[in-house]
Amino acid sequence: MQHAREDGPPDLVAALARARSPERPGPDTPAGGAVRAWPGPPVPFPKAVPAGLDLHLLLRLSLAASDDSGRLRPTPSAGALHPVDTELTVGAGCSLPPGRYGYDPLRHRVHRLDGQPPGTPPGVTAELSVTAQRTVSHYGHRARPLLLLDTGHAAAALYLAARALGVSEPEVRMDGRAENPLAAVHIPPPDRRDRARPADSARVPEPSEAPPTPAELLARRSTPPPLPGTPSQDALGAVLATAARASTGDVRWCAAVGPPRPGLMEPAADGAALRQCAAGDARPTLAAWAAGQAWIADAGAVLLAHGCPADADAPHIRRAHLRAGFAVHLAHVTARRHGLTARPVGSWQQADLGAALGAAPGRDWVVHALALGTRHADEENTT
């Protein structure tokens, strides 16, 4: 008896290979609804309870849209299409009564779906899945890796919002084994120190920086290109260190920089400095690989997540892309703290970094990136 593929159609391995090819997407198709059509009437968030988890503020700092179009959100998304849907399982110690809810980020409301499942821990678990058509409508066959990266960004936004609200150990689950949900973030009440963790949960290494403030999270946005100005070694090192810690080894990291010493930089073995791992200006090649976005050739630096070989199975593909999106989101916040401009770059074609550096082809692909600069181009003529 032949078993169905674990992914179901479409096959993720084949879909990633096609997304990495030079084939161009066809014309746009209808994107459908901007949010999932949750059943039942919308419910506003009640006032926060003392010493409890304020779900209104948690979601306002992470996933809520700040205008009616839905484009302005704290979480970046390819094409501002926001395919990620969020279901909340609420336990004790939260501002919402226990139960399951669907979240509407455009109206910043929830829809009650069901009662509290048995064994629900205190706090909230946000399960993240995707409505693929929103991204497929514009990116076509290139959508599958973008859906995973967007989900990683959403998980990171929830993680950072929890940290801003005083939760020291949000639990992030992105092991890549499941298609639905793709990721889950469990956030206990701020004053809870429950050390019992699910066996499949992943501890995010403790950040070296102070938790973000709510104002810092609400202010973060992707900088429109171009992004000129080369970051200092200290700033670039801090951004690379944040990304490496957050990805927990699922992808590797380097940064392409321009003159006066163009090349690829990576953390030295001691982690205290950067070293050049390849000479030459990679930014023009990266611009060609990134769907022909010419402005990347003039960015101050380009942080690169790379790995995920051509023979990776579906769980590996999911895990690498989810972690890359998560890490780039945290690195973006670090970049802003160092006064840098930053913009995630998610669509990559023929971006075989290993082969370009003389290694075996198909082993080391660009998965995600964060373009960096020291100032926006509009500031060039103001001094």
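Which helices and strands each supply at least two residues of the lining of the largest pocket? Select α3 (132-139), α4 (143-164), α8 (314-337) and β11 (341-345), and you have them. Keep in mind as you look around that this is a predicted model.

**Stop 1: the pocket**

The volume of the largest pocket is about 860 Å³. To find its middle, pick Ser-77, Ala-78, Gly-79, Ala-80 and Arg-343: of the 36 lining residues, these are the closest to the centre. Now colour α4, which gives the most to the lining, with four residues. If you colour the lining by residue type instead, you'll get 15 nonpolar, 13 polar and eight charged residues.

**Stop 2: the six-stranded sheet**

Next, go for the open sheet of six strands. Follow them in the order β9-β8-β7-β10-β12-β11, where the pairing is antiparallel. Why do β9 (274-279) and β11 each have one side left without a neighbour in the sheet? They stand at the edges, so each has a single partner strand. Going from one strand to the next, the twist averages 30°.

Zoom in on β8 (residues 263-267) beside β9: the two run antiparallel and are joined by five bridges. Click Pro-267 and you'll see Leu-274 of β9 opposite.

What holds these strands together? Strands of a sheet pair through backbone hydrogen bonds.

**Stop 3: helices on the sheet**

Show helix α6 (residues 233-247), which packs on the sheet and touches β7 (252-257), β8, β9, β10 (301-307) and β12 (365-373). Its direction makes about 155° with that of β7.

**Stop 4: a hairpin and a pair of rings**

Move to β2 (residues 99-104) and β3 (residues 109-114), antiparallel strands joined by five bridges. Gly-102 sits opposite His-111 in β3. The two strands form a hairpin with four residues between them, and in the turn His-108 has a positive phi of about 50°.

Stay here for the rings. A search of the whole structure turns up two aromatic pairs, one of them being Phe-45 with Tyr-103. Their ring centres are 6.4 Å apart and their planes meet at 55°, so this pair counts as tilted. Phe-45 is in the loop between α1 (12-19) and α2 (55-60), while Tyr-103 belongs to β2, so the pair ties together parts that are 58 residues apart in sequence.

Definitions and conventions
Residues numbered from 1 in each chain as written. Predicted model: local features only at pLDDT ≥ 70, side-chain atom pairs only at ≥ 80, totals over all residues. Heavy atoms only, no water. 1 Å grid on protein atoms, 1.4 Å probe; cavity = no way out; pocket = protein on both sides within 12 Å on 5 of 7 lines; lining within 4 Å. Points joined across faces, edges and corners; volume = space filled by probe spheres on them. Nonpolar A, V, L, I, M, F, W, Y, C, P; charged D, E, K, R; others polar. Pairing = 2+ DSSP bridges. Axes fitted to C-alpha atoms, helices over the stretch in contact; angles between N-to-C directions. Contact = heavy atoms within 4.5 Å. Phe/Tyr/Trp six-rings, centres within 6.5 Å; stacked < 30°, edge-to-face > 60°.
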